[in-house]
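Biologist: I have a model open and would like to learn how to read a few of its features. Could you take me through them?

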Amino acid sequence: MEGEDDVYMTGTDNNNEAHELNDMKKRFQEMEDEAAALREMQANVEKEMDPVHDPAAGGSSQLNREEVDARSVFVGNVDYSCTPEEVHQHFQSCGTVNRVTIRTDKYGQPKGYAYVEFVEVEAVQQALVLNETELHGRQLKVTAKRTNIPGMKQYRPRRPQPFMANQPRGLFVAPYVYSPYGYGKVPRFRMPMRYNPYF
């Protein structure tokens, strides 16, 4: 009887282990399916949020930006106390103003320039006539807005340094020798205070 019970218990243990193994496989498969679904959803959201990876969408956004920039002007030397409404009124005679953007720094202080976007492309030529007109006592600099190309920075050549102008390049310059008395200190030789007949 004892031997039969051992065999029966071993058979049920194997049966239970097989059920548990099957359950674990099912749960693992469900988790993999959920992870695949989540990856697919995340890829869809990234495509919707970032059109740069899609070449067709990136090209259309660049074309859209160029079209908006063709209807916009850059306004420089804008007074810091000037509001977008005042800039809007100043350029209202040129055409229908769609939007006025005064750029600010990270503290919210105006940077001193603005962009004016018109509804019509012809209004840009009218706005360029307002170059060097005064607003808040300052002469505005009005130019057509250029389109920024992502990843391209303007090359700025190095400015010549005045103290290096007369020195030819390639010569060895001896290192500076530090004074043992400290910066700017020169050893002073003093006359003795008291009369000494031996000197």
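Modeller: Let's start with contacts, meaning heavy atoms within 4.5 Å. Setting aside neighbours within four places in sequence, valine 73 is in contact with Ala114, Tyr115, Val116, Phe118, Val124, Ala127, Val142, Thr143, Ala144 and Lys145. This is a predicted model, where local features need pLDDT of at least 70, side-chain atom pairs count only at pLDDT 80 or more, and totals for chains, interfaces and linings use all residues. Residues are numbered from 1 along each chain as its sequence is written, and side-chain values use heavy atoms, leaving out hydrogens and water.

Biologist: Is valine 73 buried or exposed?

Modeller: Buried means under 20% relative accessible area, exposed over 50%, and partly exposed in between (1.4 Å probe, protein chains only). Valine 73 is buried, at 0%. Valine 73 belongs to strand 1 (residues 72-76); strands (E, at least two residues) and helices (H or I, at least four) are DSSP runs, numbered from the N terminus.

Biologist: What about proline 110?

Modeller: Proline 110 is partly exposed, with a relative accessible area of 24%, and is found in strand 3 (residues 110-118). Among the contacts of proline 110 beyond four places in sequence are Tyr80 and Ile102.

Biologist: And where is glutamate 34 found?

Modeller: Glutamate 34 is in helix 1 (residues 2-49) and is exposed, with a relative accessible area of 53%.
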